[in-house]
Amino acid sequence: MPYLFYGAPSSIIVRMGPALYIHIPFCKRKCIYCNFYSRIYDAASASAFTDILISQVERIKGPLHSIYIGGGTPSALDRKIFEKLLARLKDLTISSGEFTVEVNPESLDDEKIKTMLGLGVNRLSIGTQSLDDRKLKKLGRLHSAARAQEAVLSAHKYGFKNISADLIFGVWGETPDSWKKELDGMVRLPIDHVSCYELTYEKGTPLYSAVLSKSVLPLDSDITSAMYEAAIDILGLRGFKQYEISNFAKEGCGSKHNMNYWDNNPYIGLGPSAVSYIDGVRSRNVSDVKEYMDRARTGRALTEFSEKLSPLKSAKETAAVKIRTRDGIGFDWFRAKTGFDLRELEKKALPKLIEDGFIKYKAEGEIQTGICLKRKGFLFCDTVSSALL
Ligand code: SF4
C-alpha cells in the first residue's frame, strides 16, 4: 500500500513524489465573495490545529514534488505557530525545489518574511487583489492599496526572488480603464508572477445574496471579457507570459506546484476541505476544522468524499485540466500519460471545438502534434473543459 494516509496512518509513504498542499483554515475576517472554507482566527484553535498538521507532516516519507501552504490565510497565524509549522516542513525533500506560502498584506510583517526565508520558503503568493482602495473595500478586504504595495516591496527587499500577486477583476462599478491602471501599477512592482481572477458570485456568500437582492449589479460579460483581454495584452507587453487561463509569469517563474495539478499528477491535501489525488483516488477532507481535529485525534478517516477514477474518467479529467495551459495538450504526452489517443477519445468534441473557434491543432511541419486554446478559447475555457469531460 503506497500511501498509509487515511484514518490513523502510522506513516505516509510517498513513492511518486506528489505535491503537498496544506490548507490553513483561518482568516482575520471573511471577505464577502469568498467560498473557500475558513473561519475567524483564534490563536488557541490555530495552535491546536497546527500541532495536528505537524504530526501529519512528520509521517510523510519520501520526496515531494512541491509544497504549497494556502488557505484561508496562512500569514494570519501568530509568528511562533507559523515558525513551528515551517520548521517541520523545511527538512522535507522537494524535487521541484518550490515551496510557496500564501500571505495577505495585512498580516505579513518583516519578522514573518524573515522567518519564511530562513526556513526554506522560496515563493510568496501575495493576496494583493487590487490596487484600488474603493474596490478593496467593496470586496471586504482588510488591507489598503498602499499596504499591498508595501507587502510586495518588503518581501522583495528581504530577498524573495519569486513573488506572485493576485488580482481580481470584474467588480461591480469597475471600468476597463480603472482595471488597466491597476495592471499598470502592478507590473511596476518587483513581482515575477500574476494570477488574475474574474470575480465570481458563489452561492452562500454575502455577495451572492446582494446580487439576488439587486443591491449589487454584476458587470456585463462583454465588459469582463474586455478586462480579461486587457490583462493578457498589458501583462504580455511587460514580460508576463500567459501560461494558463489565469496565470502569467516572467520567464522561468511559472508555478511548478500548479503545473502539477494541470498535468493531473498526484497531490496530498492536508487540512479541512483539502483535496488529495493519490493512486487514481480523489478525496476531499471534511470541511470543518473542529471535525477535522476530532477525527485526526481519534484516528478516524479525514475524508468526507472519495472516489476511484476509472482510467477513462482520469484521461478525460487530464484533458479538461491540461487544456487550460497555454501549451495545450500534446498527443504523445497524452498517450504516455493516460494510455488513450486524444483524437480517438475526443472524436466528437474536438471537431466541434475547432469549428466553434475555441481550439486549434498544433503542428510541426505537416504533422499535427496536439491541440491548444485559441484566443476565444481562453475567454470560454470552462465551455471547452466541459466539452472534454
Ligand atoms: S482572506 Fe482569502 S480565504 Fe480568507 S475570506 Fe478573504 S478571500 Fe477567503
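Here is a quick tour of the ligand surroundings, some helix pairs and some strand pairings in this structure.

What you're looking at is a predicted model, where local features need pLDDT of at least 70, side-chain atom pairs count only at pLDDT 80 or more, and totals for chains, interfaces and linings use all residues. Residues are numbered from 1 along each chain as its sequence is written. Helices (H or I, at least four residues) and strands (E, at least two) are DSSP runs, numbered from the N terminus.

**Around the ligand**

- Which residues are around the ligand? They are Cys 27, Lys 30, Cys 31, Cys 34, Phe 36, Ser 38, Gly 71, Gly 72, Thr 73, Asn 104 and Gly 127. A residue counts as near if its C-beta atom, placed from the backbone, lies within 6 Å of the molecule.
- Sorted by class, this shell has four nonpolar, six polar and one charged residue. Here Ala, Val, Leu, Ile, Met, Phe, Trp, Tyr, Cys and Pro count as nonpolar, Asp, Glu, Lys and Arg as charged, and the others, Gly among them, as polar.

**Helix H1 and its partners**

- Helix H1 (residues 43-57) and helix H2 (residues 79-89) have axes that come within 10 Å and cross at roughly 5 degrees. Axes are lines fitted to C-alpha atoms, for helices over the stretch in contact, with angles running from 0 to 180 degrees between N-to-C directions.
- That angle makes H1 roughly parallel to H2. The cut-offs are under 35 degrees for roughly parallel, over 145 for roughly antiparallel, 65 to 115 for roughly perpendicular, and oblique for the rest.
- On the H1 side, the contact is made by Ala 46, Ser 47, Thr 50, Leu 53, Ile 54 and Val 57, and on the H2 side by Ile 81, Lys 84, Leu 85, Arg 88 and Leu 89. Being in contact takes C-beta atoms, placed from the backbone, within 7 Å.
- By class, that H1 and H2 contact has seven nonpolar, two polar and two charged residues.
- H1 also meets helix H10 (residues 289-298), with axes that come within 10 Å and cross at roughly 40 degrees. So H1 is oblique to H10.
- The H1 and H10 crossing is left-handed; that is, the near helix is turned anticlockwise from the far one by less than a right angle, while clockwise would be right-handed.
- Ser 45, Ala 48, Phe 49 and Ile 52 of H1 meet Val 289, Met 293 and Ala 296 of H10. This contact has six nonpolar, one polar and no charged residues.

**Helices H3 and H5**

- The axes of H3 (residues 110-118) and H5 (residues 145-158) come within 10 Å and cross at roughly 40 degrees. The two are therefore oblique to each other, and their crossing is right-handed.
- Asp 110, Ile 113, Lys 114 and Leu 117 of H3 make the contact with Ser 154, Ala 155 and Tyr 158 of H5.

**Strand pairings**

- S14 (residues 275-278) and S15 (residues 281-285) pair in the antiparallel sense over four bridges. Strands pair if DSSP finds at least two bridges between them.
- Val 275 has Arg 284 of S15 as its bridge partner.
- In this hairpin, which has two residues between the strands, Asp 279 takes a positive phi near 50 degrees.
- Elsewhere, three strands form an open antiparallel sheet in the order S17-S19-S18. Its edge strands are S17 (329-330) and S18 (359-364), each pairing on one side only.

Notes
Two residues are in contact if their C-beta atoms, placed from the backbone, lie within 7 Å.
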